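Okay, thanks for coming, everyone. Let me put the model up, and then we'll walk through it together.

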Amino acid sequence: MSGTTNPSRYVLHNRRGSGGLVVEIALTLADAPFDLVEYDTKPGSPMPASFRAVNPWGQMPTLILPDGSMMTESAAILIHLAAKFPEKRLGPSPGTAAHAAFLRWLVFANVNLYEAVLRRVYPGRYTTDPAAEPATQAAAIQRMGEALALVERALVPGPFLLGADMSLADIYVAMLSKWFRGSIDAPRLAALRALVEAHPTVGPVWRRHFPA
């Protein structure tokens, strides 16, 4: 574990290569002061007791707000940060049609893509029969491919989900697509991810989590 904390700042509890990447990117894009507490553990391995004291559910990422309250659920955190820093244009203005689409894709990604990743990485959570775990993983990969195909069709005219402007929804989808272990013909999605990776602010954080 690395990092120090200051109660007047955000505190992001995360591990490298996990879903907290997109929250770290959001905080960086917002120019929000935050401390990163990074745990040197691998996906699928138990979290240390020190983190369980912060979040008994053991869930990454966990964001502590400046008032000391805790947030979990990546999509919820992204929605909150976009609303908290409207001048940074992390998402469209609330009440607009673009904002409705923004919410749709964040929640879609959370429910369908992220959930499929969890079923692949942690199949034991989704069945009480160890013999069924390979089938659980295979079904997760198939379902994620179907969900990514829907995203691919939505990237018209593109290059981003909401058109010309990148939002946190694009970064979230790009991160989740990075974890896909199947095969899919999705050139628009590949182009979106390339744009996200090449972004001057996003890119350095991305490469720290996903070295070449």
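Quick housekeeping before I go on. This is a predicted model, where local features need pLDDT of at least 70, side-chain atom pairs count only at pLDDT 80 or more, and totals for chains, interfaces and linings use all residues. Residues are numbered from 1 along each chain as its sequence is written, and side-chain values use heavy atoms, with hydrogens and water left out.

On confidence, then. The mean pLDDT of the protein is 93, pLDDT being the predictor's confidence in each residue, from 0 to 100. Of the residues, 96% reach 70 or more.

Now the overall layout. How many helices and strands are there in the protein? We have 8 helices and 4 strands. These are DSSP runs numbered from the N terminus, with helices being H or I of at least four residues and strands being E of at least two. Along the sequence you read β-α-β-α-β-β-α-α-α-α-α-α. The C-alpha trace spans about 45 × 45 × 35 Å along the principal axes.

What about contacts, meaning heavy atoms within 4.5 Å? If you take the contacts with a separation of 6 or more, 67% of them are between residues 24 or more positions apart.

As for burial, 48% of the 212 residues count as buried. Buried means under 20% relative accessible area, exposed means over 50%, and partly exposed is in between, using a 1.4 Å probe and protein chains only. The accessible surface comes to about 10300 Å², and 57% of that belongs to carbon and sulfur atoms. Those areas are from the Shrake-Rupley method with a 1.4 Å probe; for residues, only the protein chains shown count as cover.

A word on charge. There are 20 positive and 17 negative charges, and their mean positions are 2 Å apart. Lys and Arg count as positive, Asp and Glu as negative, while His and the chain ends are not counted. The place of a charge is NZ of Lys, CZ of Arg, CG of Asp or CD of Glu.

Okay, let's zoom in, starting with Thr62. It sits in strand β3 (residues 62-64). Is Thr62 buried or exposed? Thr62 has a relative accessible area of 0%, so it counts as buried. Leaving out residues up to four places away in sequence, Thr62 touches a list of residues including Val11, Leu12, His13, Phe51 and Met70.

Most residues other than glycine have a negative phi, and most peptide bonds are trans. Where do we see something else here? Asp31 isn't a glycine, yet it has a positive phi of about 55°. Asp31 is in the loop between α1 (20-29) and β2 (34-38), and with a relative accessible area of 57% Asp31 is exposed. Glu73 also has a positive phi, about 75°, and isn't a glycine either. You'll find Glu73 in the loop between β4 (70-71) and α3 (74-84); at 38% relative accessible area, Glu73 is partly exposed.

Then have a look at the loop between α5 and α6 (168-178), where Pro157 lies. The bond joining Val156 and Pro157 is cis, with omega about 5°. Pro159 lies in the loop between α5 and α6 too, and the peptide bond from Gly158 to Pro159 is cis, with omega near 5°.

While we're at Gly158, its C-alpha is 9.5 Å from that of Ala191, and the two residues are 33 apart along the chain. Ala191 belongs to helix α7 (residues 187-198) and, at 41% relative accessibility, counts as partly exposed.

Last stop, two exposed spots. Ala135 is in helix α5, and its relative accessibility of 52% is why we call Ala135 exposed. Gly95, in the loop between α3 and α4 (97-121), is exposed too, with a relative accessible area of 80%.

That's my tour, thanks.

Definitions and conventions
Contact means heavy atoms within 4.5 Å.
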